[in-house]
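I opened a new model today and kept notes as I went. The entries are in the order in which I looked things up.

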Amino acid sequence: MHRNEKAKVFLLTSYAENEGKSTTSANIALTLARRNNRVALLDMDFYKSSLNKVFEMDCSEDRDLALHLSGKKPIETYQFYKHPDTELYLGLNKRSHNDFVDWIHLPKMARAMNYLRESGQFDYIIIDTPPVSVAAEVTTLLRFVDRTILVTRTDYVYAEDINDVILTLSSHGKSFAGCILNDVYREVS
């Protein structure tokens, strides 16, 4: 998708919590960074930030990504956390931001996302979001991305719920790329 369609910004979501979305986002970003790409991994799960735990980073509240995406601080001054020995840059949050529903639609958010895309700092931007069942506002973020990936865990969510999410994501443009099936049992062929 990156080579053929110049896709640069990828959003990962799931239907429910605990499907492995944040871990999958981290693994994709780390793999791309280890291939000498400059990658930004943005923790935009503002209800339950977890990438700081995945990477075992002690974040300071004054460096919360949400402060910059909401326009409270200029996005140009955001200091990414750099993962050691790679070109992976982490946009993290120390706490949840339940007010994100108020500012996610504002022009400040669009300006911040456009800056990250157009600044030339990154080859890829991976966005980790809340599950769709927890925050329907995830669909608002689709306007900022090139492709969307749904992470689903084996035998965790009903097939009709997965199909409904796929239809919802697909109805917001052509950005739906597909699913990643997580936690597959060895017995399943």
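**Ground rules.** I am working with a predicted model, in which local features need pLDDT of at least 70, side-chain atom pairs count only at pLDDT 80 or more, and totals for chains, interfaces and linings use all residues. Residues are numbered from 1 along each chain as its sequence is written, and side-chain values use heavy atoms, with hydrogens and water left out.

**Helix H6.** I took helices (H or I, at least four residues) and strands (E, at least two) as DSSP runs, numbered from the N terminus. H6 covers residues 107-118, which is 12 residues. From its first C-alpha to its last it reaches 16 Å, close to the 16 Å expected at 1.5 Å a residue; the expected span is 1.5 Å times one less than the number of residues.

Next I asked which residues of H6 are buried. I used relative accessible area with a 1.4 Å probe and protein chains only: buried is under 20%, exposed is over 50%, and partly exposed is in between. The buried ones are Met109, Ala110, Ala112, Met113 and Leu116. Looking down the axis of H6, I find these buried residues within an arc of 160 degrees, so they line one face of the helix. The arc is that of the directions from the helix axis to the C-beta atoms. Pro107 and Glu118 are exposed on the face turned away from the buried side.

**Helix H8.** H8 runs over residues 159-171. Its 13 residues should span 18 Å, and the end C-alpha atoms are 18 Å apart, which agrees. I found Ile162, Val165 and Leu169 buried. Seen down the axis of H8, they fall within an arc of 60 degrees, so they line one face. An α-helix has 3.6 residues a turn, so residues three or four places apart point the same way. On the other side of H8, Ala159, Leu167 and Ser171 are exposed. Strands S1 (9-14), S6 (147-153) and S7 (176-182) are among the elements covering the buried residues of H8.

**Ser70.** Is Ser70 buried or exposed? Its relative accessible area is 7%, so I logged Ser70 as buried. Ser70 sits in the loop between H4 and strand S3 (81-82). Leaving out residues up to four places away in sequence, Ser70 touches Trp103 and Lys108.

Technical notes
Contact means heavy atoms within 4.5 Å.
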